[in-house]
Amino acid sequence: MLNAALLRVLQKGEIERLDAHGQLARLPSAQDDALSARILDSGSSLEDIEARVLDHAVARANGNLSEAARLLGLTRPQLAYRQKRRHTGPADTSSPPDGPRQGSVS
């Protein structure tokens, strides 16, 4: 007996594949390629694009982070990590927070 998702794929004639979670995932289309090209042409950074997509997913899920993560194909911890990274910014690696490392010459 076919599962409902596979039956739906066969009925619609869509070509799909399994994602990392074993779920059916749509393969990229020409429309996806066009969107990617528009994003590149916009001059926005990858961080800016990611931030906007995360915000849209959370808004679409009415603040439900588990649902937003599902919309993005992420786990909830992956979404939380991306949000935390975004709000804390890149780590400053110029010097340790306690000052120079022991044994280093200033």
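Two residues are taken to be in contact when heavy atoms lie within 4.5 Å. The structure described here is a predicted model, in which local features need a pLDDT of at least 70 and side-chain atom pairs count only at pLDDT 80 or more, while totals for chains, interfaces and linings use all residues. Residues are numbered from 1 along each chain as its sequence is written, and side-chain values use heavy atoms, with hydrogens and water left out.

A look at the overall fold comes first. The protein contains five helices and two strands, where helices (H or I, at least four residues) and strands (E, at least two) are DSSP runs numbered from the N terminus. Among contacts with a separation of 6 or more, 21% involve residues 24 or more positions apart. The accessible surface of the protein is about 8,900 Å², and carbon and sulfur atoms supply 54% of that area; accessible areas come from the Shrake-Rupley method with a 1.4 Å probe, and for residues only the protein chains shown count as cover. Of the 106 residues, 13% are buried. Here buried means under 20% relative accessible area, exposed means over 50%, and partly exposed covers the values in between (1.4 Å probe, protein chains only).

Side chains of opposite charge can pair when their charged atoms come close. Helix α3 itself spans residues 46-60. With a relative accessibility of 19%, Glu 50 counts as buried, whereas Arg 82, at 29%, counts as partly exposed. Setting aside neighbours within four places in sequence, Glu 50 is in contact with Arg 82 and Arg 85.

A salt bridge also links Asp 55 to Arg 86, their closest N and O atoms being 3.0 Å apart. Asp 55 sits in helix α3 and Arg 86 in helix α5, so this pair ties together parts that are 31 residues apart in sequence. Both partners are partly exposed, Asp 55 at 41% relative accessibility and Arg 86 at 28%.

Within helix α4, Glu 67 forms a salt bridge with Arg 70 at a closest N to O distance of 3.2 Å. These two residues are three positions apart in helix α4 (residues 65-72), and therefore separated by about one helical turn. Glu 67 is partly exposed at 30%, while Arg 70 is exposed at 55%. Salt bridges with shared partners also join Glu 50, Arg 82 and Arg 85 into one network.

The nonpolar side of the picture remains. In soluble globular proteins, nonpolar side chains tend to be buried together. A nonpolar core is a set of buried Ala, Val, Leu, Ile, Met, Phe, Trp, Tyr and Cys residues joined through side-chain atoms within 4.5 Å. The largest such core holds eight residues, namely Leu 54, Ala 57, Val 58, Ala 61, Ala 68, Ala 69, Leu 74 and Leu 79. Helices α3 and α4 are the elements that give two or more residues to this core, and α3 provides the largest share, three residues. One core member, Ala 57, is in contact with Ala 68, Leu 71 and Leu 72 once neighbours within four places in sequence are left aside.

Conventions: Salt bridge = Lys/Arg side-chain N within 4 Å of Asp/Glu carboxyl O.
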